[in-house]
Amino acid sequence: FAATRTSAMDITTAHLVLDLRFLHFSRVSSSGKALLTSLADSHSLKVGIIGGGRLGKQLARALVTVGQAPCSSVRISTRRPESLSHLQKLGLNCFYDNAQLAAWADVLFLCCLPSHTPSICSVVRPAIRKPCIVYSLITAVPLPRLKQLLCYNAIVRPQYQCPGKEPTKEWGTKGAVTEALQDLAVVQATCPLNSQVNGKWLVGIFYAALNSSMWQSLPHQEALALLNDLCFPEHCHICAEQKASCPQFTCESFVSKSFASSMTPEETFPWFDLTAAQLRESPFSQLLEKSESVQNHLALLDVDNSLPSKNTL
């Protein structure tokens, strides 16, 4: 059990670099181009982490050392900030003020104990503002309960399938997240489209990215163009081998046909309830389930952006 728990913890952290790239995609420059190269710019996502235990420390270290996030864009709130001296030496701001952190962050990670969740949520609830994405790594607290505690619906929570057997052997082959992120076998085995990882997590990330585009007042056609550029790049070797064209997202990939037909060209996507997107069927979850081509492209994107040579936010 301990080995399985450690593996899930490591791999959860390993995927966050790619997830933040999706949340970052709609941050546009004055020229209207997507800023997808690095967190080290003026449009950096502000990442807040509540909890300075093992998972919170792993996440912070992975974002800074592997994701190349500037230390100024990552902050940690914990009851014992003095215990994070090694992270403070890297330049991270570690303190104890959960409400202040929630008010500052664009993405807020909950890495606390389940028993502490109600009290923490009561403190941060008044401070959270749209379009902040709350990313819960508290596996014992389900999404409906988090939504109730926070009175907020922009929550993403990774989920794993538990078929009653040990996870793929590659999950536990490396001793640290920073090492796991450099191992192709680990990255491939832990793709969000893998049978042991619930794909609804990925659905939540895509709808979170569209929420971000909506908050930036980005017309839905421009948001789709940015997503297509990110997910289906030119000179894709999958389509070159199959002599086929890359798939493309359309409005109906994310909303119903009737809603899509009513949208004007300059209209933004609506604000999506991320908890509902992960708990119920949606146009995008149906697309993921039916389209092998989309699955293959997103799996390739996961690998390309998780390995060190491509791993910049």
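Reader: Does Lys 200 count as buried or exposed?
Author: The relative accessible area decides this: under 20% is buried, over 50% exposed, and partly exposed lies in between (1.4 Å probe, protein chains only). The relative accessibility of Lys 200 is 16%, and therefore Lys 200 counts as buried.

Reader: At what pLDDT do side-chain atom pairs count?
Author: Residues are numbered from 1 along each chain as its sequence is written, and side-chain values use heavy atoms, leaving out hydrogens and water. The model is predicted: totals for chains, interfaces and linings use all residues, local features need pLDDT of at least 70, and side-chain atom pairs count only at pLDDT 80 or more.

Reader: Which residue forms a salt bridge with Lys 200?
Author: A salt bridge requires a side-chain nitrogen of Lys or Arg within 4 Å of a carboxyl oxygen of Asp or Glu. The structure holds three of them. For Lys 200, the N to O distance is 3.8 Å, and the partner is Glu 281.

Reader: How many residues apart in sequence are the parts that this pair ties together?
Author: Helices (H or I, at least four residues) and strands (E, at least two) are DSSP runs, numbered from the N terminus. Lys 200 belongs to helix 9 (residues 200-215), while Glu 281 is in the loop between helix 13 and helix 14 (283-290), so the parts tied together are separated in sequence by 81 residues.

Reader: How far apart are the closest N and O atoms of Asp 273 and Lys 147?
Author: Asp 273 is partly exposed at a relative accessible area of 23%, and Lys 147 is partly exposed at 32%. Their salt bridge has its closest N and O atoms at a separation of 2.8 Å.

Reader: Which residue in strand 6 is the bridge partner of Tyr 135?
Author: Strand 5 (residues 133-136) pairs with strand 6 in the parallel sense over two bridges. The partner of Tyr 135 is Val 156.

Notes: Pairing = 2+ DSSP bridges.
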